[in-house]
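The model is a predicted one.

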Amino acid sequence: MDSVKDAKTINEAARVVPVLAETDVLVVGSGPAGLAAALASAREGVNTMLVERYGCHGGVITQVGVETVAWYRYAGTTDLEGIGIEFENRAEEMGATHALPAEAETTGKLLDADMFKVVADTMVREAGVTPLLHSLAVEPVMEGQTVKGILIESKSGRQAILAKRVIDATGDADIAFRAGAPCRMTPKAEMMGVTVMFSCSGVNRKKFFDYVRKDPPTFGDWGKSWHIETTGKEDDLLTPYLEEPFNQARRDGLIPADMIVAGTWCAITDAGEAMTLNLNYMIGYDATDVRDLTRAEIDGRQRTMMIIKALKAYVPGFENAKLRNFGMTLGVRDSRKIIGQVNLTGHDVHNQAKFEDSIGIFPEFLDGYGVLILPTTGRYFQVPLGIMVPQNVENLLVAGRCVAGDKLSHAATRSMMCCAVTGQGAGVAAAVSLKYDVGCSTVDIKQVQKALEKQGVRIN
């Protein structure tokens with residue numbers, strides 16, 4: 001940086017950036033979408049590199065601490081098939097799951113967030129993916145409208161990674177947006193909230209479960225603090241939900257009167273650890289604004305300490321609880337999405353939409369914007385490749401919660417398991433487009449579907 005023009009901008013000096021690596025397919029971000037994309041691409045026999053800004057793969061599972069990847073899976077669900085289910089099965093094989101309570105109605109597996117780091121490492125190694133951790137992608141390398149790679153910043157300085165195909169699995173469409181692809185964002189006042197996840201130790205498991213069993217919570221209870229629209233069929237299903245203790249804490253002045261706290265708990269281990277405490281839902285934060293991110297992390301930690309005080313005071317079994325840990329980073333539900341070749345709608349999700357360019361299926365499960373629908377009827381929709389293809393940019397696919405769609409469809413596609421569907425679809429599509437020397441936007445969908453079916457994906 002060579003000179004200051006004024007108080008608002010500077011001129012950054014031009015510099016020569018060394019190329020760290022070249023690869024066929026480059027996946028940026030290694031949450032459920034990026035991890036699935038990298039595995040799927042490598043399994044198609046092309047050189048694949050997976051770049052991650054943190055020190056582990058797994059995204060919202062390992063970095064945020066959300067262990068409930070398929071909590072929506074109740075009796076009657078027609079679920080996806082492919083790498084998302086493989087995440088659960090491999091975790092179980094490797095001792096990286098928690099036991100569900102005996103009365104749990106969901107059949108989704110509870111992952112162990114820390115152990116899943118090892119599961120992800122193992123799967124990456126087995127597939128022959130080249131991992132690169134501690135590397136923040138800062139901008140795309142462009143040739144006209146074509147993405148040729150990315151620039152990263154790390155302890156090694158600024159470097160370039162060149163690639164024949166790039167998959168943006170950053171969650172916030174960072175690469176697509178900086179490449180010039182049209183994107184949209186829900187207004188901040190309407191965005192879903194962010195969460196600082198935490199866990200506690202020192203919990204008396206038996207005492208807590210005795211308390212819960214006296215008045216088992218159901219999904220119908222979700223509507224007490226939050227405006228939740230359901231179909232009614234969800235209302236009597238059991239769910240690990242806590243709200244009344246925090247209402248009492250407000251009445252007694254232990255937490256501020258305007259601080260709404262309610263949410264879910266999951267595994268309580270034999271060692272007295274309460275994992276995945278998803279009680280700290282905060283609205284009014286934009287995850288693409290660094291000041292908002294800073295404020296959310298600090299506000300969330302302060303709120304967590306008040307929540308723990310309320311748990312200790314009003315929840316049997318938590319009398320001696322103390323903070324065990326925070327998630328490594330903020331849990332984000334809602335930020336930037338691309339405008340795609342196809343833009344999924346809530347009508348599509350609700351009405352079992354079918355698409356010629358389907359790359360997988362996902363159940364009719366919505367959780368967001370005041371809507372909660374569980375897929376207990378077996379209904380599902382097809383996920384189209386077009387929602388992963390950004391406009392005005394070549395050589396780039398997008399996977400995860402930043403795929404194209406409206407608010408209501410985002411309440412479905414943001415799910416970790418749906419992110420795995422779009423990730424596997426993007427990974428295979430990138431590899432197939434490379435094999436046949438065509439662009440990502442013009443790849444033969446029949447060839448993509450054939451390859452996905454060989455990988456165990458259900459297309460329709």
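Helix α3 covers residues 83–93, and its buried residues are I83, G84, F87, E88, R90 and A91. An α-helix has 3.6 residues a turn, so residues three or four places apart point the same way. Among the buried residues of α3 are the charged residues E88 and R90.

After α3 comes G95, which has a positive phi, near 70°.

## The crossing of α7 and α8

Helix α7 takes in residues 244–251 and helix α8 residues 290–314. Their axes come within 9 Å of each other and cross at roughly 100°. Angles of 65 to 115 degrees count as roughly perpendicular, and the two helices are therefore roughly perpendicular to each other.

On the α7 side, the contact is made by P245, F246, Q248 and A249. On the α8 side, I307, A310, L311 and Y314 take part. Sorted by class, this contact of α7 with α8 has seven nonpolar residues and one polar residue, with no charged residues.

## Q159 in strand β10

Q159 lies in strand β10, which runs over residues 157–168. Its relative accessible area is 13%. Buried means under 20%, so Q159 counts as buried.

Which residues does Q159 contact, leaving aside its neighbours within four places in sequence? They are V17, P18 and L20, together with I150, L151, I152 and S154.

## The chain as a whole

The secondary structure of the chain consists of 12 helices and 24 strands. The C-alpha trace spans about 60 × 55 × 40 Å along its principal axes. For 460 residues, a compact globule would have a radius of gyration near 23 Å, and the 22 Å of this chain agrees with that.

Of the 460 residues, 57% count as buried. The chain exposes about 18700 Å², of which carbon and sulfur atoms supply 50%. Among contacts in the chain with a separation of 6 or more, 71% come from residues 24 or more positions apart.

Key:
Residues are numbered from 1 along each chain as its sequence is written. This is a predicted model: local features need pLDDT of at least 70, side-chain atom pairs count only at pLDDT 80 or more; totals for chains, interfaces and linings use all residues. Side-chain values use heavy atoms; hydrogens and water are left out. Axes are lines fitted to C-alpha atoms, for helices over the stretch in contact, and angles run from 0 to 180 degrees between N-to-C directions. Helices (H or I, at least four residues) and strands (E, at least two) are DSSP runs, numbered from the N terminus. Angles under 35 degrees count as roughly parallel, over 145 as roughly antiparallel, 65 to 115 as roughly perpendicular and the rest as oblique. Contact means heavy atoms within 4.5 Å. The radius of gyration is taken over C-alpha atoms; the globule rule is 2.2 Å times the number of residues to the power 0.38. Buried means under 20% relative accessible area, exposed over 50%, partly exposed in between (1.4 Å probe, protein chains only). Accessible areas come from the Shrake-Rupley method with a 1.4 Å probe; for residues, only the protein chains shown count as cover.
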